[in-house]
Amino acid sequence: MISKKMEEALNNQLNRELFSSYLYLSMATYFENNNYVGMSKWMRLQADEEHAHSMKFFVFIQKIGGRVILEQIDKPQSEWDTPKKAFEDALAHEEYITKNINELTDLAIEERDHSTKTFLQWYIDEQVEEEATVNEIVQKFNLIGDSKSGLYMLDTELGTRILTPDTTAE
Ligand code: FEO
């Protein structure tokens with residue numbers, strides 16, 4: 001049986017994952033509006049991934065006898081100065097999510113809640129991947145500098161992203 005404290009902490013993370021989806025969807029519209037169609041596609045797929053992350057919490061909370069409480073989702077930022085700045089913000093957001101996942105894991109250890117700790121391991125691994133992927137894109141922006149053709153090529157490259165379906169939330 002899950003503690004009330006852990007149930008609340010997991011619900012908070014479910015909300016953060018939904019906000020992540022909302023934030024990346026907002027970035028997608030920013031890119032779309034500025035004709036970066038590849039970056040827009042990349043961010044739409046990222047938003048889908050975040051929604052899947054939230055659904056894993058949704059399923060897990062109920063599976064262990066908890067109650068999902070859906071809270072309000074904060075309004076995300078809608079404009080960025082440059083595409084690079086949007087990806088830098090995405091990286092900072094992922095670092096914040098990693099911190100949250102680590103704190104949740106600390107709580108699971110503190111409460112000797114082994115099932116939640118095991119569940120969270122997937123997110124610990126996923127955050128390593130997410131941070132590395134976004135950081136790689138930020139580094140590409142750094143290499144490109146002010147080159148318009150470089151930016152065009154990066155937009156084209158990011159537009160080739162394909163979402164790998166994740167069915168583990170079932
Ligand atoms: Fe679900 Fe990108 O953290």
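This note sets out selected features of a predicted model.

1. Basis. In this predicted model, local features need pLDDT of at least 70 and side-chain atom pairs count only at pLDDT 80 or more, while totals for chains, interfaces and linings use all residues. Residues are numbered from 1 along each chain as its sequence is written, and side-chain values use heavy atoms, with hydrogens and water left out.

2. Asparagine 15. This residue belongs to helix H1 (residues 4-33); helices are DSSP runs of H or I with at least four residues, numbered from the N terminus. Asparagine 15 is buried, at 18% relative accessible area (buried means under 20%, exposed over 50%, partly exposed in between, with a 1.4 Å probe and protein chains only). Its side chain reaches the backbone oxygen of glutamine 72 at 3.0 Å.

3. Salt bridges. The structure holds seven salt bridges, each a side-chain nitrogen of Lys or Arg within 4 Å of a carboxyl oxygen of Asp or Glu. In one of them, the side chains of glutamate 103 and lysine 99 meet at 3.3 Å, N to O. These two residues are four apart in helix H3 (residues 83-110), and therefore about one helical turn separates them.

4. Glutamate 136 pairs with lysine 140 at 3.9 Å, N to O. Lysine 140 also forms a salt bridge with glutamate 157, the closest N and O atoms being 2.6 Å apart. Glutamate 157 lies in helix H5 (residues 148-158) and lysine 140 in helix H4, so this pair ties together parts 17 residues apart in sequence. Shared partners join Glu136, Lys140 and Glu157 into one network.

Methods: A polar contact is a pair of N or O atoms within 3.5 Å; within protein, one must be able to donate a hydrogen and the other to accept it, and residues adjacent in sequence count only if both atoms are side-chain atoms.
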